[in-house]
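Please consult the sequence and the structure while reading.

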Amino acid sequence: MSFMPRPRKTPEQASIDNAKKFNALQRAALPLFMGAGLEAQLLEQGHVRDRAPDHQLRLQQELWDRLATHADHCRVVGEALRREMKAAAPETYRQDLLRLRYLRARFGSMRRPTYNCDFWRTALRKALSVEDFHAAERRADPTAAQRQADQAWVDAQLATHRKAREARSNIQPTLWQAATPQPTRNDHTM
C-alpha cells in the first residue's frame with residue numbers, strides 16, 4: 001500500500017476551509033442556542049462572529065501591502081542615513097560601507113531594505129554624539145522627530161515616577177547600595 005501525500009491547497013481553498021472551520025467552532029460553542037434556532041439572532045447581536053470566505057486572503061494581502069510600504073520607507077530612509085553618515089563621519093564611512101558589502105555577500109537577508117536602514121542607523125549612532133545623531137536622524141527620517149518626542153516623554157514619565165517612589169520610600173540607601181552604580185538608560189543602550 002503506497003501512501004500518496006495530499007495535494008497542497010490553493011490559498012483560496014485554504015481561506016475558505018479556515019472560514020468554515022472558524023464558523024463551525026463559533027456555532028459549536030453555543031449548541032443550545034443553535035439547537036433552538038436562534039442562530040440569526042446571535043449573529044445579529046454579535047455573540048457569534050461569521051468569517052467571510054476570503055478573510056484570510058484579505059488579511060494576507062493587507063500584510064503584504066504593509067510590508068511593501070515599510071520596505072519602501074526603509075529604502076528611502078536607509079539611503080538618507082547613508083548620505084548623512086558620509087557627510088558626518090567620512091573617516092569611518094568607508095569601513096562601514098565595506099562591512100555592509102561583506103555582510104550582504106555573506107548573508108542574503110542583509111540585502112533587505114529594513115536591515116540596510118538599521119545598519120546605517122547603527123553606524124551613525126556609533127559615530128556621532130547623541131545630539132548630533134538625533135539631528136541627523138530627524139533630517140533623514142521625517143517620522144523620527146515624533147518617535148524621539150515620544151521617547152523623551154516616556155523617559156520623563158519614568159523619571160517622575162522614580163522620584164516619587166524614592167520620596168515615598170524615604171529610606172536612606174545603605175552604604176553598599178550607595179557605592180553600587182545603578183545602570184542608567186540612555187539613547188545608546190535602548
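With which residue does R121 form a salt bridge? The partner of R121 is D118, and the closest N and O atoms of the pair are 4.0 Å apart; a salt bridge is a side-chain nitrogen of Lys or Arg within 4 Å of a carboxyl oxygen of Asp or Glu. The model is predicted, so local features need pLDDT of at least 70 and side-chain atom pairs count only at pLDDT 80 or more, while totals for chains, interfaces and linings use all residues. Residues are numbered from 1 along each chain as its sequence is written, and side-chain values use heavy atoms, with hydrogens and water left out.

**Overall fold**

- The protein chain has nine helices and zero strands; these elements are DSSP runs numbered from the N terminus (helices: H or I, at least four residues; strands: E, at least two).
- Of the 190 residues in the protein chain, 23% are buried, where buried means under 20% relative accessible area, exposed over 50%, and partly exposed in between (1.4 Å probe, protein chains only).
- Among contacts with a separation of 6 or more, 54% come from residues 24 or more positions apart; contact means heavy atoms within 4.5 Å.

**Nonpolar core**

- The largest nonpolar core has 20 residues, of which L81, M85, F119, W120 and L124 touch the most other members. Helix 4, helix 5 (90-106), helix 6 (113-127) and helix 7 (130-140) each supply at least two residues of this core.
- Such a core is a set of buried Ala, Val, Leu, Ile, Met, Phe, Trp, Tyr and Cys residues joined through side-chain atoms within 4.5 Å.
- Not counting residues up to four places away in sequence, F119 touches D96, R99, L100, L103 and M110.

**Cysteines**

- The count of disulfides is zero, a disulfide being a pair of cysteine sulfur atoms within 2.5 Å.
- The sulfur of C74 has its closest cysteine sulfur in C117, at 4.7 Å, which is too far for a bond.
- Both cysteines count as buried, C74 at 6% relative accessibility and C117 at 2%.

**Salt bridges**

- The whole structure holds 11 salt bridges.
- R121 and D118 are three residues apart in helix 6 and so are separated by about one helical turn. R121 is buried, with a relative accessible area of 19%, whereas D118 is partly exposed at 37%.
- D141 forms a salt bridge with R147, the closest N and O atoms being 3.6 Å apart; D141 is buried at 2% relative accessibility and R147 is partly exposed at 38%. Through shared partners, salt bridges join D118, R121, E137, D141 and R147 into one network.
- E79 pairs with R83 in a salt bridge whose closest N and O atoms are 3.6 Å apart. The two residues lie four residues apart in helix 4, about one helical turn; E79 is partly exposed at 29% relative accessibility, and R83 is exposed at 53%.

**Surface and individual sites**

- L63 lies in helix 4 (residues 55-88) and is partly exposed, with a relative accessible area of 33%.
- P142 sits in the loop between helix 7 and helix 8 (144-169) and is exposed, with a relative accessible area of 67%. P142 and V77 are 65 residues apart in sequence, yet 8.9 Å apart in space, C-alpha to C-alpha.
- Q26, in helix 1 (residues 11-28), is buried at 19% relative accessible area. Leaving aside neighbours within four places in sequence, Q26 is in contact with H47, V48 and R49.
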